[in-house]
Amino acid sequence: MDRYLEQNIKDIISKYPGVGDILNEYKIGCTACAAGTCRLKDIVEIHNLPGPEEEKLMGRIALAISPEGGLRVPKSSRKAAAPSGGLKYSPPLKRLVDEHALIKRLLALIPRFVAGVDLGSEEGAGLARGGLKFIRAYADRYHHAKEEEILFKYFDAELDVIKAMLRDHVNGRAHVKAAEEALAAKDGAAAAEHFLAYRELLTEHIKKEDEILYPWMDRNLSLKQVGELFNKFNEADEKFEPALIAECEAVVTGLEKLLGAAGISVKA
Ligand SMILES: [Fe+2]
Ligand SMILES: [Fe+2]
């Protein structure tokens, strides 16, 4: 089994499609991942399954690769069970999760926004630009900057998981730019398309960070590094205008009210 643990997951799945089905059952979405360059052993490590669960998963993968049962399944050294009562984060990572909450409130509004607002009109484009301002200031300059310039620097830049997260940020920026250009061209349909694509991309991205990446990072950061991160996040936040944060929060609250007032439920 050891040689398969070192292999790229996409190669394993293309040769043994049953492995992809097994990973999907465990909600490990390698079949849908565009990169798919992680090694099997990294995938098992990053998802932090409790030891017996990990051994069961590896046993099934071994059988999918070699149905005659010729592969020896390694014993898991993992003691930790998945935490009960929700995920627990260190204070700096908890702060990023809290920032995700505000971003998710905006993302939740996008389908109703594009369905209920004429993005080709001046008024509609003005509202949409408010949303773009929030994305650029809060999601990108405030939140993604802390990830890219501080948090991710604590990990190997060559890790696939870090590269995949950075690629999502880049693709998100491309949708924002394209949406802005579409608004300028009064092309409401194209703007709507990019808003919806951004929503889909960032919703998945945040889910991966909250449920997989940040817990894995927390498991790999020392106490000293957690303290450093906390201080560096404070310094980064201090450089950000408090009025701008308040303005960003007001954009989301304002849009929630507006869509509610238009007779569209604000609750997802
Ligand atoms: Fe991110
Ligand atoms: Fe994030």
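## Exercises on a predicted model

Leaving aside neighbours within four places in sequence, Cys248 is in contact (C-beta atoms, placed from the backbone, within 7 Å) with Phe134, Ala137 and Tyr138. The model is predicted, with local features needing pLDDT of at least 70 and side-chain atom pairs counting only at pLDDT 80 or more, while totals for chains, interfaces and linings use all residues. Residues are numbered from 1 along each chain as its sequence is written, and chains are lettered from A and ligands numbered from 1 in the order in which they are written.

**Exercise 1.** Determine whether Cys248 is buried or exposed.

*Solution.* Start with its location: Cys248 lies in helix α11 (residues 242-261), helices being DSSP runs of H or I with at least four residues, numbered from the N terminus. Next, count the neighbours: Cys248 has 23 C-beta neighbours inside 10 Å and therefore counts as buried, the class for 20 or more, whereas 12 or fewer means exposed and the range in between partly exposed.

**Exercise 2.** Describe how the axes of α3 and α5 are arranged.

*Solution.* First, take the axes, which are lines fitted to C-alpha atoms over the stretch in contact, with angles from 0 to 180 degrees between N-to-C directions: those of α3 (residues 17-25) and α5 (residues 51-65) come within 8 Å and cross at roughly 160°. The two helices are therefore roughly antiparallel to each other, a label given to angles over 145 degrees. Finally, list the residues: Gly18, Val19 and Ile22 of α3 meet Leu57, Arg60, Ile61, Ala64 and Ile65 of α5.

Technical notes:
Angles under 35 degrees count as roughly parallel, over 145 as roughly antiparallel, 65 to 115 as roughly perpendicular and the rest as oblique. Two residues are in contact if their C-beta atoms, placed from the backbone, lie within 7 Å.
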